[in-house]
Amino acid sequence: MSIKSICCIGAGYVGGPTCAVIAYKCHDIKVTIVDLNQARIDAWNSDKLPIYEPGLEEVVMARRGKNLFFTTDVDKGIQEADLIFVSVNTPTKKSGLGAGMAADLAYIEAATRRIAQVSTSSKIVVEKSTVPCRTAQSMRTILDANCTANIRFDILSNPEFLAEGTAIKDLMNPDRVLIGALQTPEGIKAQNALVSVYNHWVPIDRCITTNLWSSELSKLAANAMLAQRISSINALSAICEATGADVDEVAYACGRDSRLGSKFLKASVGFGGSCFQKDILNLVYLSTQLNLPEVAAYWKQVVDMNEYQKKRFVQRIISTLFNTITNKKIAVLGFAFKKDTGDTRESAAITLIKDFIQEHARVAIYDPKVEHEQIMMDLTEPGVLDNRKQVEQHVQICGSAMEAADGADALIICTEWDEFKDTNLDYSQIYEKMHKPAFLFDGRLILDAPKLRGMGFKVQVIGKTELAGTA
Ligand code: NAD
Ligand code: UDX
C-alpha cells in the first residue's frame, strides 16, 4: 500500500516539526496538520510560527500551501488521509486515579473516537504521542466499537525521539525510526507502508520494526535511561563539590569509555522539559500497576534526584549569600528548559525562582526566546505561586542580560544559551553594574570560572569548588 495522504492530529512541538519534515522530504504526499486550537493553527499559517526551532521556518515556508497544510478542520483531515498520526498531548494526570504519575490519555481517546466517527475509508492509525505500554490495545477497542462504516483500522506505534532545539536536525537525520505493529499479515503490511514513507530519506537500516508493545515501551525506556544519566552525573556533582573533584573531568574520564559514551553527561541545575519527568512517572505508574514495586522505586529515584539537585543549588546560593536573600536582587539568565527553544515546560528555572520569591528576593529574569506573558503564566500556575500579585511584586522581566544584572547581588545561569557564555557577553561590564561582592552561579557549566574570578566575581559552579585541584 502506498501512502498518498497523511493527517497529523496535534500541531504541537512534535506534530508540527515532524509532519513538516515529512512534507519537505515527500513531495508526493499531501500532509495536513490539524488541531482544535485555532490560535495555534493561525500561527502555523502566519509569518510567526507558534514554536521556535532552528531550521523549522525554512522547512515550513518551503512546503506550506504546496503539500503541507494547517487547519482546524479535523474531520476533513481525517477523511482524506490514508494514514493518521495521533500526536496529541499526554500530560501527567492532575487529579483522579494515578494523579501526579499516570499519563492523561483523555486527548488520545478523544482523537481516536473522532477518527472512528468520521472515517469513511480504511486508515492506518499511528501513535506518535508517548503513551503507556498497551495503549494501542485501547485505541483498537475504541476504533472497532465506534466505526460507522465497514472499514478497517490498522494501528502502529511510531514514537518520536526528537529533542527540542535540535528537532529539525534530529528529524532530517534520525539515529533510528521505530515502528511497532501487530505481527499479523495486515499489521506487517501497514508497518511496511510507514517504512516506505520514512524511506524517502531515512536509510532502511535505520528503520527498526518491532512488535507494538516493544515500540511503546522503548520510548519510555529511552527517556528514562537518558534522564537516568543526567541524574547520575548530578548525583556525582554533589560528591565533587564535597571533595574537590571536578564534575566535567569525571564526566570526560567516564565518557571516554566507549561502553559509556560521552553524551548526556553534562551536570546541570536539573533536567526539565515536557518529557523526562512525565515519561518516567508514567513508567513508575506502569510498574506499580504491574505489581512491580521495586522497579517503580528504582525509576522514581531518577526524578527524586532531579528535585534534590534543584534544591541543593538553591541552598548553595542562599548559604553563599550570607544565609539570606530577602530583598536582594537575583538576576536569572535563562528561563527555557534548555537552549535554542522557547519551551518552558518543567524548566528548572521555574522551581528556582519560586524558591527565591518565597525567600522574599527580587528576581530579574532574562531569556532570549521566552515571552513575558509565558513567564508570568508559568510562575502563577497552581502549585507554583498562584498569587499573581506576589509574583508581580517580586519579578522584573528584562530585555537583556545587562538589564537583569543591573544592581543585582547574584547572577544565576539557568539555561545554557550561547549568548550567556563569557566569550559572547561582556562580563566586565556586568561586574561594574552589580552590587559587590558580585556573586555568579553557573548552573550549566558554560563559564570560564577562573577567568571570571580574575575579573572580581565570586563564582560558584555546579560540581566544582573554587579549590578544586589544590591539596
Ligand atoms: P503539545 O501540547 O505541544 O501539542 C499537542 C497538540 O494537540 C495541542 O496543540 C492540542 O491542541 C492538540 N490536541 C489535543 N487534543 C486534540 C484533539 N482531540 N484534536 C486535535 N488536536 C488536539 O504537545 P507535544 O509537545 O507536541 O507532545 C505531543 C506528544 O508527543 C506527547 O505525547 C509527548 O509526550 C510526545 N513527545 C514530545 C516531545 C517533545 O519534545 N515535546 C518529543 C517526543 C515525544
Ligand atoms: C528529550 C529526549 O532527548 C528526546 O529523545 C525525546 O524525544 C524528548 O525528550 P528534550 O526534553 O527536548 O528531549 O531535550 P533534551 O536534550 O533531552 O534535554 C532535556 C533536559 O535535560 C534539558 O533540561 C537539558 O538541559 C537537560 N540535560 C540534557 C542535562 O542537564 N544534561 C545533559 O547532559 C543533557
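A: UniProt positions are given here in the numbering of this chain, with shortened feature names, and such annotations may be inferred rather than shown by experiment. An unreviewed UniProt entry places "domain: UDP-glucose/GDP-mannose dehydrogenase C-terminal" on residues 331–449. The structure is a predicted model: local features need pLDDT of at least 70, side-chain atom pairs count only at pLDDT 80 or more, and totals for chains, interfaces and linings use all residues. Residues are numbered from 1 along each chain as its sequence is written, while chains are lettered from A and ligands numbered from 1 in the order in which they are written.

Over residues 331–449 the chain is 33% helix and 16% strand, where helices (H or I, at least four residues) and strands (E, at least two) are DSSP runs, numbered from the N terminus. The end C-alpha atoms of this stretch are 18 Å apart.

An automatic or database domain assignment supplies the domain bounds: the protein chain is divided into domain 1 (5–202) and domain 2 (240–461). Their centres, taken over C-alpha atoms, are separated by 33 Å. The contact between them takes 16 residues from domain 1 and 16 residues from domain 2, two residues being in contact if their C-beta atoms, placed from the backbone, lie within 7 Å. On the side of domain 1 that touches domain 2 there are 10 nonpolar, four polar and two charged residues. In this scheme Ala, Val, Leu, Ile, Met, Phe, Trp, Tyr, Cys and Pro count as nonpolar, Asp, Glu, Lys and Arg as charged, and the others, Gly among them, as polar.

The part to examine closely is the shell around ligand 2. Ligand 2 lies between domain 1 (5–202) and domain 2 (240–461), because both give residues to its shell. The ligand is surrounded by 19 residues, of which K266, S268, F271, G273 and C275 are the closest; a residue is near a molecule if its C-beta atom, placed from the backbone, lies within 6 Å of it. By class, the shell has 11 nonpolar, four polar and four charged residues. Helix α9 (residues 212–243) gives the largest share of this shell, three residues.

Elsewhere in the chain, an open sheet of eight strands has the order β3-β2-β1-β4-β5-β6-β7-β8, with mixed pairing; two strands pair if DSSP finds at least two bridges between them. Strands β3 (68–71) and β8 (207–211) are its edges, each pairing on one side only. Within the sheet, β4 (residues 83–86) and β5 (residues 123–127) pair in the parallel sense over four bridges, and V126 in β5 is the bridge partner of F85.
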